[in-house]
Amino acid sequence: MTDTPFDLTQHIRSITDWPKEGVVFRDISSLLEDRLVFRKTIDLFVHRYFTTRIDAVVGIDARGFIIGAPLAYELNAGFIPVRKKGKLPGDTICEAYSLEYGEAEVEIQTDWLKKGDKVILIDDLIATGGTMLAAASLLNRLGVEIIEAAAIIDLPDLGGSAKLKEAGITVHAFCEFDGE
């Protein structure tokens, strides 16, 4: 049996003209459908953070939940969701961010993370960085330390990872693609 290097890009489908003409959508469903590829993908995150002391993994709605929950389990950390506004009960704080054609809001519950907690912020993809920056703002308002913002895919041409770095956030992605 031979063990070949794991290339994530070979397992990510590129769907042209979706959700609109001119966009190439990077679909991680193909990573999730194959149990070995899904395990190897989660293992990349686990190995990166295994020796890092964190209190929680913060996953962004919704694909960040898919990565964040098993990562939190493997790291023996809590899992905290950042959801679209109106989806969480109890006390929450919200943050608005810009979309291509308008605005949206994300929220987090205020009763779990405490000032000084250390977290990893997770999503599947970094594009323009709007959602991740909004989530980071929520965490900053709670006094939480973001160890790193991480994703499977970075689309550096859209500038999100650069904006996160400009905001003082360390960023990591396991692969990147040119264009939208």
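Visitor: Leaving aside its neighbours within four places in sequence, with which residues is valine 58 in contact?

Guide: The model considered here is predicted. Contact is taken as heavy atoms within 4.5 Å. On that basis, and with neighbours within four places in sequence left aside, the partners of valine 58 are Ile80, Val82, Leu113, Val119, Ile120, Leu121, Ile122 and Leu139.

Visitor: Which residues have the most contacts inside the largest nonpolar core?

Guide: The largest nonpolar core comprises 27 residues. Those with the most contacts inside it are Val58, Ile108, Leu113, Val119, Leu121 and Leu139.

Visitor: Which element gives the most to this core?

Guide: Strands E3 (56–60), E4 (78–84), E5 (92–99), E6 (102–109), E7 (118–126) and E8 (145–154), together with helix H4 (130–141), each supply at least two residues. The element that gives the most, with 6 residues, is H4.

Visitor: How many residues does the second, separate core have?

Guide: This second core is separate and includes Val57, Leu75, Ile120 and Ile153. Its number of residues is 24.

Visitor: How are helices H2 and H3 oriented to each other?

Guide: The axes of H2 (residues 35–49) and H3 (residues 63–74) come within 10 Å and cross at roughly 55 degrees. The crossing is right-handed. The two helices are therefore oblique to each other.

Conventions
Residues numbered from 1 in each chain as written. Predicted model: local features only at pLDDT ≥ 70, side-chain atom pairs only at ≥ 80, totals over all residues. Heavy atoms only, no water. Axes fitted to C-alpha atoms, helices over the stretch in contact; angles between N-to-C directions. Helix = DSSP H or I, 4+ residues; strand = E, 2+ residues; numbered from the N terminus. Parallel < 35°, antiparallel > 145°, perpendicular 65-115°, else oblique. Left-handed = near helix turned anticlockwise from the far one by under 90°. Core = buried A, V, L, I, M, F, W, Y, C linked by side-chain atoms within 4.5 Å. Buried < 20%, exposed > 50% of the residue type's maximum accessible area, 1.4 Å probe, protein only.
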